[in-house]
Amino acid sequence: MIGKTDCRLLNLLTVAVLLLQFTDIGNTQLLINVKNQGGDVVQETISSNVSEDSVTLEFQRSDGTLITQLVDFTHEVQILKALVLGEEERGQSQYQVMCFVCHINKDEFISSDAMAKLRQKNPGTVRTAEEDRGRENYQMDLFVDVARSAVISRHVVSLCSEARDATYTRRKDLDLWAAQPGGPSLSALLAAVREYPVTSPPAGSSLATRGNSVDGAPTRCRETPSLWSDCTCHLEMCIGWYPCSLKYCKSQKAGDTSASYRCGIRTCRKCSHFSYYVRQRQLCLWDE
């Protein structure tokens, strides 16, 4: 005979099993072998979280850089994160992390629900994207205060905790998020960001050594002589394969010419080129 305590334990175990089953359904993951433009094959991990309405894509480039893309559909936020291995022989630490937080239209990536239903017939196949969406340039003009970033997306804190001094966004993105129905106010968003510092060159320094252009904006890092001067860094991240939209086929039923059904996905590749402020050229040695 089972006592009351045993019944409670059994009920708790049943609930735990159901929760685990729900988690397995709500979180799916695919491993995709992708050939990039340079001919290298990289393995992308794409996971979908239906309960949080988000999709995460991650892969490691041939130079060791780890790229993570997270799309938060609820808040129309894309986070692109780069973990770049340091050059110890040049005085860098083991690695550095940068995050770029931008607005994204929901139709640029298939939904988390559709992503969760994808399955691979041939997991070992090396894939190439059907459509090249080119390169989009992002001129980042604000730091994100990671500790206050939940107003933008709750995912910024967890993904960019190691980039508290290197998480960026743009004023135009704040305006787009503030314009969303039911979205955060512009004043709340502005409280989660800060402007780049205004630096003054040392007294007596020349334009050749100060690392700043005539108008006071930092020059590009590769044009800055000193390793310790602030400058504008450039970094490009390319997603070689991702499901960008659903395919619909017309019904083959006799007499039914209007009906259509989902019959697959369309895949795309896209590059994002970021320019952003760094306090030292030492933090941007690849831009040479």
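This talk walks through one predicted protein model, from the whole chain down to single residues.

First, the ground rules. Residues are numbered from 1 along each chain as its sequence is written, and side-chain values use heavy atoms, with hydrogens and water left out. Because the model is predicted, local features need pLDDT of at least 70 and side-chain atom pairs count only at pLDDT 80 or more, while totals for chains, interfaces and linings use all residues.

Let's start with the whole chain. The secondary structure comes to 6 helices and 13 strands. Helices here are DSSP runs of H or I with at least four residues, strands are runs of E with at least two, and both are numbered from the N terminus. The chain has 288 residues, and 40% of them count as buried. Buried means under 20% relative accessible area, exposed means over 50%, and partly exposed is in between, with a 1.4 Å probe and protein chains only. The accessible surface is about 16100 Å², and carbon and sulfur atoms hold 52% of that. Those areas come from the Shrake-Rupley method with a 1.4 Å probe; for residues, only the protein chains shown count as cover.

Now contacts, meaning heavy atoms within 4.5 Å. Take those between residues at least 6 apart in sequence: 62% of them join residues at least 24 apart.

Next, strand 4. How many of its 7 residues are buried? The count is 6, so strand 4, residues 66–72, is largely enclosed by the rest of the structure. Look at its two partners. Two strands pair if DSSP finds at least two bridges between them. Strand 3, residues 54–60, is joined to strand 4 by 7 bridges, and the two run antiparallel. Strand 5, residues 77–85, also runs antiparallel to strand 4, with 7 bridges joining them.

Between strand 4 and strand 5 sit 4 residues. Glu 76 lies in that loop. Its phi is near 55°, a positive value in a residue other than glycine.

Is Ser 54 buried or exposed? At 4% relative accessibility, Ser 54 counts as buried. Leaving aside neighbours within four places in sequence, its contacts include Ser 47, Asn 49, Val 71, Ser 112 and His 155.

Asp 53 is in the loop between strand 2, residues 41–49, and strand 3. Asp 53 also has a positive phi, near 55°. With a relative accessible area of 25%, Asp 53 is partly exposed.

On to the core. A nonpolar core is a set of buried Ala, Val, Leu, Ile, Met, Phe, Trp, Tyr and Cys residues joined through side-chain atoms within 4.5 Å. The largest one has 62 residues, and Ile 79, Phe 100, Phe 274 and Tyr 276 touch the most other members. Strand 12, residues 231–250, gives this core its largest share, 8 residues. Pick out Phe 100. Beyond four places in sequence, Phe 100 is in contact with residues including Ile 79, Met 140, Tyr 168, Leu 235, Phe 274 and Tyr 276.

The search uses a 1 Å grid over the protein atoms alone. A cavity is a set of points where a 1.4 Å probe fits but cannot get out; a pocket is an open set with protein on both sides within 12 Å along at least five of seven lines. Lining residues have an atom within 4 Å of a point. Points are joined across faces, edges and corners, and a volume is the space filled by probe spheres set on the points.

The count is 1 cavity of 30 Å³ or more. The largest cavity has a volume of about 40 Å³. His 75, Val 77 and Trp 177 are among the residues lining it.

The second largest pocket holds about 330 Å³ of space. It has 17 lining residues, and the closest to its centre are Gln 139, Met 140, Asp 141, Tyr 196 and Thr 232. Which element gives the largest share of that lining? Strand 13 does, with 5 residues.
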